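Subject: Structure handover

Hello,

Please load it first, then read the notes below.

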Amino acid sequence: MALKGNAAIVGAAQYRPEKYQTAPRMFHLEQVADLASRALADAGLKADDIDGLVINGPQFHEASVFVPAMAAEYLGLNLNFAEVVDLGGCTSVAMVWRAAMAIEMGLCQAVLCVLPARMAPLGPDEDPAWMARAMRYGGHSTAFGAPEAEFDLPYGHMGQNTGYAMIAQRYAAQYGYDPLAMAKIAVDQRSNALANPDAMFFGKPLSAEEVLASKMVADPLHVLEIVMPVAGGAAVIVASRKLAAKARHRGAVIKGFGEHLSFKSPTYAADMTRTPIGPAAARAFAMAGLKPADVDAAQIYDCYTITVLLTLEDAGFAPKGEGMRWVREHDLTWRGDFPMNTHGGQLSFGQAGSAGGMSQVIEAFTQISGRAGERQLKACDTVFVSGTGGVMSEQGALILQGA
Amino acid sequence: MSTNKPMPAPTDISAPFWDGLTRGSLTIPRCNSCGHWIFYPRRHCDKCWSHDLAWHEVSGEGSLYTYTLTRIPTLPDFADEMPQALAVVELDEGVRINTTLVGLAEDEIRVGMRLKPVFDRVREDGGTLLRFTGIDKTIAPKRQAPAAEQPASAAPAVTLVKVPVSDEAAMQALVSESFTAWSNEVVVDQALIDEFARLSGDDYWIHTDPDKARKQGPFGGTIAHGALVQVLQSRLKIPLGFEVIGFTNMVNYGSDRLRFPSPVPAGARIQARARVKRVERLKSGTQLTLEVHTHVVGAERPSVINDLVILYM
């Protein structure tokens, strides 16, 4: 499969990450409209240029079905393509390639990909107890008949932290473990956040000692190796080459993509330490006709430090089993030899629900369009972006290249 | 054990597995067409999609694929098992199972170690969970049925330093940034909560209706009244290490601060610790502020914070 390179990210908008308690509450539809207008303004396109929509279905506040139609009506759009993506933290990457495919196939010319992630005003039947109940088991399904409800919850297997911790523990047993290298991932990303005024942890330096002294949540993961959930939301506009030529900024052309998943719980993975990003990234690089060494930057989904480590290995940047040594030997900051998560990553930028992964997509576009300010890379033409959902369950890769 | 812990709800598909556990037997389905073992149970083979499956009893022996120790409970209800050794066990048949390890010290746990099953009866109706322990371990898992009335452990013995209330320097020296050791433990079960509801008149369903609380409440079941946990302080013997003497009258003057930061689920064990926050000389006597924190055993966040003011006259 080959892409013609006929689709590019041409506009983006993203709410500054904020604490849930102090962030404005907006209906998700209103966030969609607001983010869409901002992304459109960033692109310099008109509302009636948009004829495609990719949106989240799960966790959409105002409805759980018919979300695209409701959004089209609310926004006032005529759509030739509408899609809902349900891939957790992989959703952002997945949205972008679906939009690109629709454009390459000639279905439409400009697709809005949008993920509202601020809280909405509570309805008459909703209260904080309802929220707490909804959050009680993290991403686990509690529905009768769901195997998770039966075989996981009674033992305390729930949420994300312990799943990622068990992956890290398995990795440690197979390949060895260097807590300092893991801390360095968080520290290098924090260096990047210090050059990003929008980041949640802007102005707050971090040392490896602080990471290792932070509270152990589930061995071997410390709290500073885990993302902080924040309120936010993001949108990008993917447009055809013809429209991209009219856009205000240099577009980020979708040159390759890949996606892979086969389980929800890593317990049932063939090999817990060989993650789905392996086949996804291999496909993306093959499609783009590029190698990992060809990229100028990597924006790697980082819900946990271990996610980054395994992605570096399985996507082909570091040799398998040697990721920790590799991390020690490379400078992952925007000044370094392997610029990674140059916005701070979600670990230092903040994770706005499933829009968290959009921060990585948007940072790739920001760098390619030369608007990253202090942290702008000198040369940035080709960027690898990854997305990860669930517990390393569903992963996707994008190769973006400057137009 | 907290009674709000999630429990399996067997389906037609999974019932043979859970029934097997209640008989002390581990049974899993196997594909008659391709020989593939299947876990968790389903009606087709996830390898060849045949529907020709049969249940087989297996030894349950296997090895530890991976694990983690939870330093923060994944649900407040698991605070009494902290740290939990959440584990993935690979049976010799090749299937993997999510479970917990029991009867093993933290430093005995190794990825790859040999394990055998422990049939842990957690419900009076026979409901049994499948846990694992070291292959050479003989000890049964230590999960006793909650003793309703009896403290789960005796109050630690301490030598009391007698402090005369008139000795201002000695009184001031009691003020401390650090807390005492933990008190004995007390089980807060549904019967106790119901009794308090009757006495106080606060019979709100979140405390008294386990079924409704499980379905509609935010905590997966009933929780104790904050006020109940507060007064249970009297049953918690905190090893303060001192005894104030030489006064004619001692008055519980109330509380400067009373907070209920986290719930106590029905069935949970609680314990307390304290520190002397302040000692002040007043016209009416000497006022000592004791900051008491009551926690669910193993929980980091207190359930009750009470700055108790005691006046010695």
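The largest nonpolar core has 157 residues. A:Val96, A:Val236 and A:Val238 have the most contacts inside it. A nonpolar core here is a set of buried Ala, Val, Leu, Ile, Met, Phe, Trp, Tyr and Cys residues joined through C-beta atoms within 7 Å. Buried means that 20 or more other C-beta atoms lie within 10 Å of the residue's own, with C-beta atoms placed from the backbone. Helix H3 (residues 91-104) of chain A gives the most to this core, with nine residues. A second, separate core has 30 residues, including A:Leu153, B:Leu75, B:Val186 and B:Leu308.

Some ground rules. This is a predicted model: local features need pLDDT of at least 70, side-chain atom pairs count only at pLDDT 80 or more, and totals for chains, interfaces and linings use all residues. Residues are numbered from 1 along each chain as its sequence is written, while chains are lettered from A and ligands numbered from 1 in the order in which they are written.

Now the sheet. Chain A holds an open sheet of nine strands, in the order E3-E2-E4-E7-E1-E8-E11-E10-E9, with mixed pairing. Helices (H or I, at least four residues) and strands (E, at least two) are DSSP runs, numbered from the N terminus. Two strands pair if DSSP finds at least two bridges between them. Strand E3 (81-85) and strand E9 (297-299) of chain A are the edges, each pairing on one side only.

Strands E1 (residues 7-14) and E7 (residues 232-240) of chain A run antiparallel, joined by seven bridges. A:Ala12 has A:Val236 in E7(A) as its bridge partner. A:Val236 is also in contact with A:Val96, A:Cys113 and A:Phe365, among others beyond four places in sequence. Contact means C-beta atoms, placed from the backbone, within 7 Å.

Next, a helix pair. H7 (residues 179-193) and H11 (residues 305-314) of chain A pack at about 100°, axes 9 Å apart. Axes are lines fitted to C-alpha atoms, for helices over the stretch in contact; angles run from 0 to 180 degrees between N-to-C directions. So H7(A) is roughly perpendicular to H11(A) (65 to 115 degrees).

Last, the interface. In chain B, 32 residues are in contact with 32 residues of chain A. E3(B) gives the most to the chain B side, with five residues.

Best regards

How values were computed: Parallel < 35°, antiparallel > 145°, perpendicular 65-115°, else oblique. Contact = placed C-beta atoms within 7 Å. Buried ≥ 20, exposed ≤ 12 C-beta atoms within 10 Å, placed from the backbone.
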